[in-house]
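Here is a short report on one protein structure. Take a look at the model first, then read on.

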Number of protein chains: 2
Amino acid sequence: MPVELNNSLEQRIQSIREEIRLGCEREHSTLFEKHEVVPDLQSEINDKQKIAGSSLSPRDLSSYIEHTLLKAEASPLQIQELCWQAVQFQFATVCVNPRFATLAASVVEDSSVRVCCVVGFPLGASNTAVKAYEADRAIHDGAAEIDMVLPIGYLREKQYQEVYLDIRQVVEVCHDQQTLLKVIVEASELNEDQTIAACMLSMEADADFVKTSTGFGTGGATREDVALMRAVVSETMGVKASGGIRNLTDALEMIQAGANRLGTSSGVHIMKQALGDRVEREVVLEY
Amino acid sequence: MPVELNNSLEQRIQSIREEIRLGCEREHSTLFEKHEVVPDLQSEINDKQKIAGSSLSPRDLSSYIEHTLLKAEASPLQIQELCWQAVQFQFATVCVNPRFATLAASVVEDSSVRVCCVVGFPLGASNTAVKAYEADRAIHDGAAEIDMVLPIGYLREKQYQEVYLDIRQVVEVCHDQQTLLKVIVEASELNEDQTIAACMLSMEADADFVKTSTGFGTGGATREDVALMRAVVSETMGVKASGGIRNLTDALEMIQAGANRLGTSSGVHIMKQALGDRVEREVVLEY
């Protein structure tokens, strides 16, 4: 039988009710304050010296990184911190859920960092019209790149027309507004032929990138996925590796396999490894 | 460096290209054929004899169950099979992603089974307007119940106005169209006070149910979550337990703790256990 309200619970409910009343009156627009950009870090990232064991400079590497926080429980404050890290490290984008597009855009304005929002994420099983609407809203709110998930179950059942039209409709929304569209194929749920078909359908629909993974599936990017996707799309499209890229070795391997972008929540750690003892002070690394 | 196209890959691409061309021409509307309803199963479910160790009959239990398949890779064929199982076992609903609303509604028509669609799922981090639009589309496509995910990060940061308005806007879309609205609070990501606040905000926004979990978070429903949520919402709202309900014991425990609905992908297994040796033939259990 249901637990009865006891006095202690009743008191907590009263106290939370008051908190809700106060919370509804409070202004939340300025939780986060931008810090100063740290000049030393900027000069270290822009130093021409190559990363040990690589032909890339730190700045080359940072331009691959999409600094990513897509967890359900991510708070507005954490998103703002993520965005500010992206500015500090000169990452390509911040990759966030569309609810945070406006907030993210406000933090990265006046920097080279772009806002990337996910759509139909992570299951790819919302309606095409909803994905298109979600993309349109995100662009309106400040997104310059959209990562959509294709309808995986339809692809596996070879309902190619359905998959093509799903991608195509979102492409049209994006390209009408000078926005890049990446198609997440969720390679861990596909066999090789299905991954090839996903790439070809994305290419046919004129998407700009194919992307390996949502990070919420059973697996992340593998070298093999990235190499296969790169071979199929040739040089006509970008390839974004994502999911499970946790350190510098992973990052360089994915680039070696053909990735132009790396979606990762470990961007700061990767850059620390890349900069090596050049950043011992860790001035901006305390977020 | 990127893998070059070799002959073998080039051949596979050609063959998949042809398959895509054929796939785009093929009609996919009738993959699934409804089977006969099995009369024996119907009479066994409707038998008044109680389940061993419970005051519920098999029919009582089946009316709690929301037969659920929300995986990204679920195919249209699997969704249709799920729906047909729900009809056979007289479950309360089938719970599917909105892309499948029309398909699900077509299978369960002429039965008591309702279609339930998830919205803003599973992260709760799409925009309120997108959740409202997604709900509206799902209802138009045949959903009679909507399970939405609240914006978890905002709740944790006590941005209660944001959470309230998010729920309220979807409630309005649903209630304008005689549709039930359940609010998924994702209790595994909340402490007790946050769970209480989520229930109170859902109650305040006039939602019909609170629901424990998406099944994609770090944990599923616990007895404690269900009992707490039941105590907070008293008898004014329903409580749906979901995530990790895998057998008859789990199911009966959740009902005991105060759940009115059980979201589970193990509905058939649970009913087999409930019917015990009454269903040895397993006529319809081979899906």
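## Two copies, one axis

This is a predicted model. Turn chain B by 180° and it can be laid on chain A with an RMSD of 0.0 Å. The shift along the axis is 0.0 Å. The two copies are thus related as by a two-fold rotation axis.

Which surface does each copy use to meet its partner? Of the interface residues of chain B, 100% are also interface residues in chain A, so the copies meet through the same surface.

## The fold of chain A

Chain A is built with twelve helices and eight strands. Its C-alpha trace spans about 65 × 50 × 40 Å along the principal axes.

How does the radius of gyration of chain A fit a compact globule, and why? Chain A has 287 residues, and a compact globule with that number would have a radius of gyration near 19 Å. The value for chain A is 21 Å, which agrees.

Now look at contacts between residues at least 6 apart in the sequence of chain A. Of these, 68% join residues at least 24 apart.

What share of chain A is buried? Of its 287 residues, 60% count as buried. Here, buried means under 20% relative accessible area.

The accessible surface of chain A comes to about 11,600 Å². Carbon and sulfur atoms account for 46% of that surface.

## Charges

Chain A carries 26 positive and 43 negative side chains. The centres of these two sets lie 1 Å apart.

Conventions. Residues are numbered from 1 along each chain as its sequence is written. Chains are lettered from A and ligands numbered from 1 in the order in which they are written. This is a predicted model: local features need pLDDT of at least 70, side-chain atom pairs count only at pLDDT 80 or more; totals for chains, interfaces and linings use all residues. Side-chain values use heavy atoms; hydrogens and water are left out. Helices (H or I, at least four residues) and strands (E, at least two) are DSSP runs, numbered from the N terminus. The radius of gyration is taken over C-alpha atoms; the globule rule is 2.2 Å times the number of residues to the power 0.38. Buried means under 20% relative accessible area, exposed over 50%, partly exposed in between (1.4 Å probe, protein chains only). Contact means heavy atoms within 4.5 Å. Accessible areas come from the Shrake-Rupley method with a 1.4 Å probe; for residues, only the protein chains shown count as cover. Lys and Arg count as positive and Asp and Glu as negative; His and the chain ends are not counted. The place of a charge is taken as NZ of Lys, CZ of Arg, CG of Asp or CD of Glu. Copies are superposed by least squares on the C-alpha atoms of residues with pLDDT of at least 70 in both.
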